[in-house]
Amino acid sequence: MIEIKSKDEIEKISRASQVVGKVLRQLQEIIEPGITTEAIDQTAEKLLHKFGAVSAFKGYSGYPANICTSINEEVVHGIPGKRRLNEGDIISIDVGAKVDGYFGDAAFTFAIGNVSTVAKDLLAVTYESLQRGIKQARPGNHLSDISSAIQVYAESYDFSIVRKFVGHGIGSKLHEEPEIPNFGKPGIGPQLRVGMVLAIEPMVNQGSYEVEILEDKWTAVTKDRQLSAHFEHTICVTEGKPEILTAWE
Ligand code: MF3
Ligand code: CO
């Protein structure tokens, strides 16, 4: 069952989501060649606390850090550590905040200085696939209309959609029903209704969609070690256009 959130609940998810947006905006300012992902995580923790939030990820199923930082061939759930960013890298930063018992969740993949043409294309296409998915989040549409819009767009550029990880409902829990795959035929699954809150998060690979998990049990990487990008927003279905609760960019 997909929960329909009350006005009051949406207000709380919105507050958590705005914190996520502010954290991402400020992290964008500090990422440069030479910084470690651990330092980015430490700044994220300070910012979350300054804005009255705690990390939604720390301790979740034993996850050891505040945010996820996934560089180049890393798809999602990269654990911050001693690795330093280099000019030409791409890095997905995934931030989740909890405020007053409610969650917001968003991710953005940044380019570090000058990146290759294919990296630029991958970022632009993944970003646009998320926007196209969000546009489908209208009352009366089916859940898989979101999935299909994302897949059709990304595959039209010969990139591939990761199967293993999906988006999710969000509210008083980080992960709620439904699962939101980033691929599939349109017109399938539950109909969307006003008051549903969803975290839509396409992961798009340069090469094959296959991923594997590293020894650390978290970091997902592309099997072929080609690039991967990840963008995510928490959105609310309204009578009109979907409202992007984590909007910051
Ligand atoms: N946005 C990701 C997700 O919803 C981040 C989760 S990190 C975890 O799956 F540590 F919480 F798992
Ligand atoms: Co998420």
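Start with the open sheet of three strands, ordered E3-E12-E11 and paired antiparallel. Strands here are DSSP runs of E, at least two residues, numbered from the N terminus, and two of them pair if DSSP finds at least two bridges between them. E3 (74-76) and E11 (211-213) are the edge strands with a single partner strand each, so one side of each has no neighbour in the sheet. On average, neighbouring strands are turned by 40° against each other, direction ignored; the axes are lines fitted to C-alpha atoms, with angles from 0 to 180 degrees between N-to-C directions.

Before going further: this is a predicted model, where local features need pLDDT of at least 70 and side-chain atom pairs pLDDT 80 or more, while totals for chains, interfaces and linings use all residues. Residues count from 1 along each chain as its sequence is written, chains are lettered from A and ligands numbered from 1 in the order written, and side-chain values use heavy atoms, without hydrogens and water.

E3 and E12 (residues 220-222) run antiparallel and are joined by two bridges. Val 76 has Ala 220 of E12 as its bridge partner.

Now the ligand. Around ligand 1 there are 13 residues, the closest being Asp 94, His 168, His 175, Glu 201 and Glu 232; a residue counts if a heavy atom lies within 4 Å.

Which atom of ligand 1 does Glu 232 approach with a polar side-chain atom? A nitrogen, at 3.0 Å. Polar contacts here are N or O pairs within 3.5 Å. Asp 105 has a side-chain N or O atom 3.2 Å from a ligand 1 nitrogen.

Note on methods: Helix = DSSP H or I, 4+ residues; strand = E, 2+ residues; numbered from the N terminus. Polar contact = N/O pair within 3.5 Å; in protein donor to acceptor, adjacent residues only side chain to side chain.
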